[in-house]
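Colleague: I'd like to learn how to read a model like this one. Could you walk me through it?

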Amino acid sequence: MRYSRSGKHMNGLSLVELMVSMVIALVVLAGVIQSFIASKKSFIQESEVAYIQENARFAIDLLSRDIRQAGNWGCSGSGDIANALSSNLNSLVKSSAVEGFEGGVSALPVYLTTADTNTDALIVRYGDTNNQQTVLQHNNSASPPSIVTVNPHTFTAGEVMILSDASCDQAGMFAANGITASSLSHNADGNNCANLLSGTFECGNCTSTSSCSSGSVGDVGATGNGAQYSAGSTLLPFVANAYFIDESTFDSSLPALHRVFINGTSGGVTQRTTEELVSGVEDMQISYGVDNDSVADGQANRYYSADQISPNDIATTASGNIGWDRVVSVRFQLVMRSRNIVLPKNNTTAYLGNTPADRYLRQIVSSTVQLRNAGL
């Protein structure tokens, strides 16, 4: 009820005035609510865009740095490799710098059985220069043959190693045994099928544990020998990383980029560890730049999918000079996906050939990386 200045009673608000006031209040409240909803939607979308872009940058940087290292066996590059490891280890531990698997086509190795079969997978191999040791002496005639390092090392029994000669013309792969504080051996055992570290061969295909000179000696068909490595050679831990897409270990509704890496050998079997790297990676498609000239010049002539490259690692005339040893660059594309639903209606955009029927936000990112250590 209203009052006049004289204190007398006056008439109250009319019904019309009350209704008008209520309408005005509701309009203002609706505007506030609408503004709040719009701000929340904008915040969620901006957060998801930031999530996608941050993870995309990390994934590209991670893959690019690893691919650039592929085939780094010390100063020996990707040239002659003596692989003394037993055949049981050759699935992940090989001397080819890169190896790929085409989604939906290639048979996946056992350590990639959980991978999304519609996406590609990639293995990158190299020597770890951050933890290398300089060799003081290599005695291949001793029993067992020994490698003495200049400084005390932290290498463990069964750890896969690369020995790169100071002359830069030879490298050997083996699983370490006979460990002491400053030395180790590459003697034939359950992990090594030969004690040879010179020549060019995949020892898993040899017919003898003491010699790789008879029968088939692997993809390149060369023979092994017992040459010694000179003082000043380099000893590097071997790195093999297999990248693939699988569901996140933290949220099964979210895809993620994973990596399998070796952490030693035991009884001729590779010991492996799997870790999640980047969440929100839904798809990975990879093509490989191959130098298929009759005389290699280090330049990619054409990009191939993994199933178009000879599975025998080594290019031949019959294969059109197409093999994993002729890969000089890697082009990868990633489809990044948001954590939460963002779009107002189902997505109708195709991403690398797939059209999702959901409301998640997606982005395609890509990069082409030159293999700096391709030894052609």
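Colleague: Which residues touch the most other members of the largest nonpolar core?

Modeller: A word on the source: this is a predicted model, where local features need pLDDT of at least 70 and side-chain atom pairs count only at pLDDT 80 or more, while totals for chains, interfaces and linings use all residues. Residues are numbered from 1 along each chain as its sequence is written, and side-chain values use heavy atoms, with hydrogens and water left out. Now the general idea: in soluble globular proteins, nonpolar side chains tend to be buried together. A nonpolar core here is a set of buried Ala, Val, Leu, Ile, Met, Phe, Trp, Tyr and Cys residues joined through side-chain atoms within 4.5 Å. Buried means under 20% relative accessible area, exposed over 50%, and partly exposed in between (1.4 Å probe, protein chains only). In this model the largest core has 39 residues, and those touching the most other members are Ile67, Leu257, Met284, Tyr288, Ile309, Val327 and Leu334.

Colleague: Which element gives the most to this core?

Modeller: Helix 1 does, with seven residues. Helices (H or I, at least four residues) and strands (E, at least two) are DSSP runs, numbered from the N terminus.

Colleague: What does Val327 contact, leaving aside neighbours within four places in sequence?

Modeller: Contact means heavy atoms within 4.5 Å. By that test Val327 meets Val98, Tyr288, Gly289, Val290, Ile309, Leu371 and Ala374.

Colleague: How do I read a helix, and which residues of helix 1 are buried?

Modeller: An α-helix has 3.6 residues a turn, so residues three or four places apart point the same way. In helix 1 the buried residues are Glu48, Tyr51, Ile52, Asn55, Ala56, Ala59, Leu62, Leu63, Ser64, Asp66 and Ile67. For length, the expected span is 1.5 Å times one less than the number of residues. Helix 1, with 55 residues, reaches 81 Å from its first C-alpha to its last, close to the 81 Å expected. After helix 1 comes Gly71, which has a positive phi near 80°.

Colleague: And sheets? What is the strand order in the open sheet of four strands?

Modeller: Two strands pair if DSSP finds at least two bridges between them. The order is 16-15-17-18, with antiparallel pairing. Strand 16 and strand 18 (360–370) are at the edges with a single partner strand each, so one side of each lacks a neighbour in the sheet. Ten bridges link strand 17 and strand 18, and Met336 has Gln363 in strand 18 as its bridge partner.

Colleague: Strand 6 next: which way do its residues point?

Modeller: In a regular strand the side chains alternate between the two faces of the sheet. Here Val160, Ile162 and Ser164 point one way from strand 6, Met161 and Leu163 the other way, and all are buried. Strand 6 runs antiparallel to strand 7 (residues 171–175), joined by five bridges, and antiparallel to strand 12 (residues 234–247), joined by four. Ser164 has Ala171 as its bridge partner in strand 7 and Thr234 in strand 12. Strand 6 and strand 7 form a hairpin with six residues between them, and Cys168 in the turn has a positive phi of about 65°.
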